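Have the viewer ready and follow along.

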Amino acid sequence: MREAIEWLLANEVRYRGDWAQRDPQLRPGGWSFERANLFYPDLDDTAVALIVLARLPLSLRLQPRIAGAIQRAVEWCLGMQSASGGWGAFDRDNDKLIVTQIPFCDFGEALDPPSADVTAHMLEAFALLGYDRSHPAVERGYQFLLDEQETDGSWFGRWGVNHVYGTGAVLPALAALGEDMSSHHVRRAARWVIEHQNEDGGWGETCASYMDDSLRGIGPSTPSQTAWALMALIATNDQEYAASIRSGLDYLTAAQREDGTWDEPYYTGTGFPGYGFGARLDLRDEATLARISQGLSLIHI
């Protein structure tokens, strides 16, 4: 564990990148997704690192090097919250559609709008560090999540496919914040997860769900998507879902390889979801469909 902590501390980002254009005084901190990346930490991976560090024994967490890394990351994350209350992955308030009119940005992915999945991971990290809804940033993030819930009860997933991922991120975050997990919006989400469980006990969702709402939560079972769905249900702490949880666990144990790993033949992570703007697309809007001008063939795996 100490070697892992040392590795984590050694990879903390301490340099200013493009994100500093919006706030030159913001002290750098956090962790990045890519290898050997000194300038571009991201909120999602920083949240995961904070979740790990928050769970260390207090005697370790209070050591100056660890406490300093946590404090720098918290400051950076708070400074990167967007005006909507949510968090994007790499930038703050990078959601201006005019950028997509630049010819080489016409596929839209120069944008980095706040998303429910990143915001949820951030709030889970803050909760484990002792922040609650009395903190203004946490309350704004919480309200962002409630506003982002879909009419079917799920949440959109920006960096994982798709609504299984988004819902699997949000419910654990709400639980960490002390939410009443018997509330209507939580039960709607859990019911959506239950309704999309496959006959083999697992969960899956095709990448094509970014372009066809009818495919939300539908696809061959995969280990990662099954794990995300289980995280959502377990977070409710409700015995009503015990049978579905058991079936999901049975799927995972049956799918495990002899060497302890799992195969996953389908793509369950996203870079350019639907070739849109990194955000939910209203696929009922004819102007939106005309603008993106694509079918399922570009993303269907």
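## Two packed helices

Helix α1 packs against helix α4 (residues 64-79) at an angle of about 45 degrees, and their axes lie 11 Å apart. Helices here are DSSP runs of H or I with at least four residues, numbered from the N terminus. The axes are lines fitted to C-alpha atoms over the stretch in contact, with angles running from 0 to 180 degrees between N-to-C directions. The pair α1 and α4 is therefore oblique, the class left over once angles under 35 degrees (roughly parallel), over 145 (roughly antiparallel) and 65 to 115 (roughly perpendicular) are set aside.

The crossing of α1 and α4 is left-handed; that is, the near helix is turned anticlockwise from the far one by less than a right angle.

## About the model

This is a predicted model, in which local features need pLDDT of at least 70 and side-chain atom pairs count only at pLDDT 80 or more, while totals for chains, interfaces and linings use all residues. Residues are numbered from 1 along each chain as its sequence is written, and side-chain values use heavy atoms, leaving out hydrogens and water.

## Salt bridges

The whole structure holds 15 salt bridges, each a side-chain nitrogen of Lys or Arg within 4 Å of a carboxyl oxygen of Asp or Glu. One of them joins Arg 65 to Glu 6 at 2.9 Å, N to O. Arg 65 is partly exposed at 49% relative accessible area, and Glu 6 is partly exposed at 41%; buried means under 20%, exposed over 50%, and partly exposed in between (1.4 Å probe, protein chains only).

Asp 152 and Arg 216 also meet in a salt bridge, at 3.1 Å from N to O. Asp 152 sits in the loop between α6 (136-148) and α7 (163-176) and Arg 216 in the loop between α8 (184-195) and α9 (223-236), so this pair ties together parts 64 residues apart in sequence. Salt bridges with shared partners join Glu 150, Asp 152, Asp 213 and Arg 216 into one network.

## A nonpolar patch

Which residues make the nonpolar surface patch of about 400 Å²? They are Tyr 15, Leu 38, Phe 39 and Tyr 40. Leu 38 belongs to the loop between α1 (2-10) and α2 (43-54).

Terms used: Patch = residues over 30% accessible without salt bridge, like charges linked within 9 Å, V, L, I, M, F, W, Y side chains within 5 Å. Areas by Shrake-Rupley, 256 points an atom, 1.4 Å probe, with all protein chains shown as cover.
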